[in-house]
Amino acid sequence: KIAGGQQPFPDGINWLKEAGFSTVIQLRQPSEDISACRQLVERQNMTYKSLEVSAQSLDATLLAALDRDIQAANGRPVFLFDRDGTRTGAIWIAYATRYLTLSETQAREQAARLGYRRENADPAWEQAISRLSNSR
């Protein structure tokens with residue numbers, strides 16, 4: 001019931017609606033303009049949410065906010081995205097290990113399908129993931 005990836009093109013928003021997604025959550029940079037994406041999603045009568053995410057702000061509070069948004073969808077599919085999959089992948093590792101009780105290996109395998117790879121990641125994202133793993 002949770003999918004993720006890179007920012008969808010306008011026809012991708014249409015596909016999400018047709019596939020039964022109810023909520024789209026944009027994981028954005030602090031200064032990123034969200035107005036165009038918000039309009040596309042809301043035109044499809046889906047719920048649009050936006051979370052400002054950086055490696056420095058990735059913490060238990062942010063994961064709890066994400067979980068509230070996911071739970072508010074009442075079991076209907078939710079799509080998480082960012083521009084290039086980096087934020088989505090890093091957050092997926094932290095969220096899946098904390099809330100879905102996946103092993104870190106399983107979560108990393110799934111995040112790799114989103115384009116996130118430890119060896120290519122900014123070290124700040126890996127530090128954030130490690131910080132959250134050690135705080136459980």
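## Aromatic rings and core packing

Trp-15, Phe-21, Phe-79 and Phe-81 are joined into a cluster by ring pairs, where rings of Phe, Tyr and Trp (its six-membered ring) pair if their centres lie within 6.5 Å, with planes under 30 degrees apart counted as stacked, over 60 as edge-to-face and the rest as tilted. The model is predicted, and local features need pLDDT of at least 70, side-chain atom pairs count only at pLDDT 80 or more, and totals for chains, interfaces and linings use all residues. Residues are numbered from 1 along each chain as its sequence is written, and side-chain values use heavy atoms, with hydrogens and water left out.

The structure holds five aromatic pairs. One of them is formed by Phe-21 and Phe-79, which counts as edge-to-face because the ring centres are 6.3 Å apart and the planes stand at 90°. This pair links distant parts of the chain, since Phe-21 lies in the loop between helix 1 (10-18) and strand 2 whereas Phe-79 belongs to strand 4, 58 residues apart; helices (H or I, at least four residues) and strands (E, at least two) are DSSP runs, numbered from the N terminus. Both Phe-21 and Phe-79 are buried, a term that means under 20% relative accessible area, with exposed meaning over 50% and partly exposed in between (1.4 Å probe, protein chains only). Trp-92 and Tyr-95 form a tilted pair, 6.1 Å centre to centre with 40° between the planes, and both lie in helix 4, three residues apart, about one turn of the helix.

The largest nonpolar core has 32 residues, and those with the most contacts inside it are Ile-25, Leu-58, Leu-66, Ile-91 and Tyr-116; such a core is a set of buried Ala, Val, Leu, Ile, Met, Phe, Trp, Tyr and Cys residues joined through side-chain atoms within 4.5 Å. Among the elements that each supply at least two residues of this core are strand 2 (23-28), helix 3 (60-71) and helix 4 (86-99), and the largest share, seven residues, comes from helix 4. A second, separate core of eleven residues includes Leu-16, Phe-21, Tyr-48 and Phe-81.

Helix 3 has twelve residues and reaches 16 Å from its first C-alpha to its last, close to the 16 Å expected at 1.5 Å a residue, the expected span being 1.5 Å times one less than the number of residues. Among its buried residues are Leu-62, Leu-66 and Ile-70, and the buried residues of helix 3 pack against elements including strand 1 (2-6), strand 3 (47-52) and helix 6.

## Local features

Glu-32, in the loop between strand 2 and helix 2 (35-43), has a side chain that makes a polar contact with the side chain of Gln-26 (3.4 Å) and reaches the backbone nitrogen of Gln-29 at 2.9 Å. A polar contact is a pair of N or O atoms within 3.5 Å; within protein, one must be able to donate a hydrogen and the other to accept it, and residues adjacent in sequence count only if both atoms are side-chain atoms.

Asn-45 has a positive phi of about 60° although it is not a glycine, and Thr-101, likewise not a glycine, has a positive phi of about 50°. The accessibilities of several residues discussed above are listed here.

| Residue | Relative accessibility | Class |
|---|---|---|
| Glu-32 | 11% | buried |
| Trp-92 | 11% | buried |
| Tyr-95 | 1% | buried |
| Asn-45 | 67% | exposed |
| Thr-101 | 68% | exposed |

Key: Contact means heavy atoms within 4.5 Å.
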